[in-house]
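Hi everyone, thanks for coming. I have one structure to share today, so let's bring it up on the screen.

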Amino acid sequence: MIVAESLGDPGAATFFLALAFAAGLSMAVFAHADKRGNRHATAWGIAVFLFAGLAVPLYFLRLWLRKRAGAG
């Protein structure tokens, strides 16, 4: 595959670094949601681990919209 050849082999260290980053981000979102009483904190944590690029913006957009609706 042309794309895979141009990227090269990332290696084990890069994989474990990405895994640690995903796990840390997942735990941070879980802790944030749990602290604020979100009933789906575990689901948010899992979603962030699996789909961080989509789940993190959705989580904070949802948080911002709920905060804004409650303040107004």
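I'll go through the fold, then a surface patch, then a pocket.

Please keep in mind that this is a predicted model, where local features need pLDDT of at least 70, side-chain atom pairs count only at pLDDT 80 or more, and totals for chains, interfaces and linings use all residues. Residues are numbered from 1 along each chain as its sequence is written, and side-chain values use heavy atoms, with hydrogens and water left out.

The chain has 4 helices and 0 strands, counting DSSP runs of H or I with at least four residues as helices and of E with at least two as strands, numbered from the N terminus. Of its 72 residues, 18% are buried, meaning under 20% relative accessible area with a 1.4 Å probe and protein chains only; exposed is over 50%, and partly exposed is in between.

Now the surface. Phe15, Phe16, Leu19, Ile46, Phe49, Leu50, Phe51, Leu54, Leu58, Leu61, Trp64 and Leu65 make a nonpolar patch of about 1200 Å². Helix 2 (11–35), helix 3 (41–50) and helix 4 (52–71) each give two or more residues to this patch, and helix 4 has the largest share, with 5 residues. Leu61, in helix 4, is partly exposed at 43% relative accessible area.

And what lines the largest pocket? Arg36, Gly37, Asn38, Arg39, His40, Tyr59, Arg62, Leu63 and Arg66 do. On a 1 Å grid over the protein atoms alone, a pocket is an open set of points where a 1.4 Å probe fits, with protein on both sides within 12 Å along at least five of seven lines, and lining residues have an atom within 4 Å of a point.

Technical notes:
Patches are made of residues with over 30% relative accessible area and no salt bridge: like charges are joined within 9 Å, nonpolar side chains (Val, Leu, Ile, Met, Phe, Trp, Tyr) within 5 Å. Accessible areas come from the Shrake-Rupley method with a 1.4 Å probe; for residues, only the protein chains shown count as cover. A salt bridge is a side-chain nitrogen of Lys or Arg within 4 Å of a carboxyl oxygen of Asp or Glu.
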